[in-house]
Amino acid sequence: MASKSIPILTYHSLDESRSVVSTPPSIFKMQMQRLQAAGYRTLSLQDVARLIRSGDSFPDKSFVITFDDGYKSTFTEAFPVLERYGYTCTVFLVGGYCGKLNDWPGQPSTIPRLPLLTWSQVKEMHSYGIRLGAHTMTHPDLTRVAVEQAEKEIVQSRVVIEERLGAAVAAFAYPYGSQNSSINEIVKPHFQLACSTRLKKVTLQSNPYQLERVDMFYLTSPRVFGLLPTPLFDGYLSARR
């Protein structure tokens, strides 16, 4: 079986704060268990970009997992669950903040201050097969800084991760989903793909440098999450947009 669309699920922190960047760990466990029981398997972002470019369909019952910002809970809460079910994901790191708190400039006061992954934790996940992506050095809105600063944020974040891991970084995620044609053109020579925050499933017509994703804040309810494998899911995302 094959599919013409695939969801890229976006998580941030797994914690009990109920903020807009938080998913309770128990909910995450339930979601992964239900997907595994239904026969779903994970694809990498690189797989998705390759299929879009080749025009091939996506495997049936497949999905992608991403974590933005690189919270410590990705290691302590998500990683054991992913190992249990044989799932993989891409974690987008803020290169200048690994081992620190998520208190970069511009962080809203409504977001709790939480610890981020250390480089040793990043390396351990990478050795298992978790992919690491770049999310700039300091998490700015790239459309609101000078082009030269935006380029430095984008390129340096890839370089720092590659130096730490000794492996190529293929994926980028735009902080806050903010992008324009100038930012896209900076990203393209340095990465194979990039993720947006547009609330939609990826299709074969998607732009590999503007991949749509599903923010899991909107799927915390088990009832709503149950829509994911059904035809009603696209309608739900459309209403949310």
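**Entry 1: Met32.** I started at Met32 and looked up its contacts, leaving out residues up to four places away in sequence; the list reads Tyr11, Ile65, Val81, Leu82, Tyr85 and Tyr87. A reminder to myself: this is a predicted model.

**Entry 2: the cores.** Next I asked which members of the largest nonpolar core touch the most others. They are Met32 and Phe67, in a core of 54 residues.

**Entry 3: the largest pocket.** I moved on to the pockets, and the largest has a volume of about 490 Å³. I listed 21 lining residues, and those nearest the centre are His12, Val21, Tyr176, Thr197 and Asp215. Strands S8 (62-69), S12 (193-199) and S14 (211-215) each supply at least two residues of this lining, and S14 gives the most, with three. Sorting the lining by type gave me 10 nonpolar, seven polar and four charged residues.

**Entry 4: the second largest pocket.** I looked up its volume too, which is about 220 Å³. Of its 16 lining residues, I found Ser3, Ser5, Tyr40, Asp60 and Lys201 closest to the centre. Strand S2 (5-6) and helix H8 (232-240) each bring at least two residues to the lining of this second largest pocket. My tally by type for this lining is eight nonpolar, four polar and four charged.

Technical notes: Residues are numbered from 1 along each chain as its sequence is written. This is a predicted model: local features need pLDDT of at least 70, side-chain atom pairs count only at pLDDT 80 or more; totals for chains, interfaces and linings use all residues. Side-chain values use heavy atoms; hydrogens and water are left out. A nonpolar core is a set of buried Ala, Val, Leu, Ile, Met, Phe, Trp, Tyr and Cys residues joined through side-chain atoms within 4.5 Å. Buried means under 20% relative accessible area, exposed over 50%, partly exposed in between (1.4 Å probe, protein chains only). Contact means heavy atoms within 4.5 Å. On a 1 Å grid over the protein atoms alone, a cavity is a set of points where a 1.4 Å probe fits but cannot get out, and a pocket is an open set with protein on both sides within 12 Å along at least five of seven lines; lining residues have an atom within 4 Å of a point. Grid points are joined across faces, edges and corners, and a volume is the space filled by probe spheres set on the points. Helices (H or I, at least four residues) and strands (E, at least two) are DSSP runs, numbered from the N terminus. Ala, Val, Leu, Ile, Met, Phe, Trp, Tyr, Cys and Pro count as nonpolar, Asp, Glu, Lys and Arg as charged, and the others, Gly among them, as polar.
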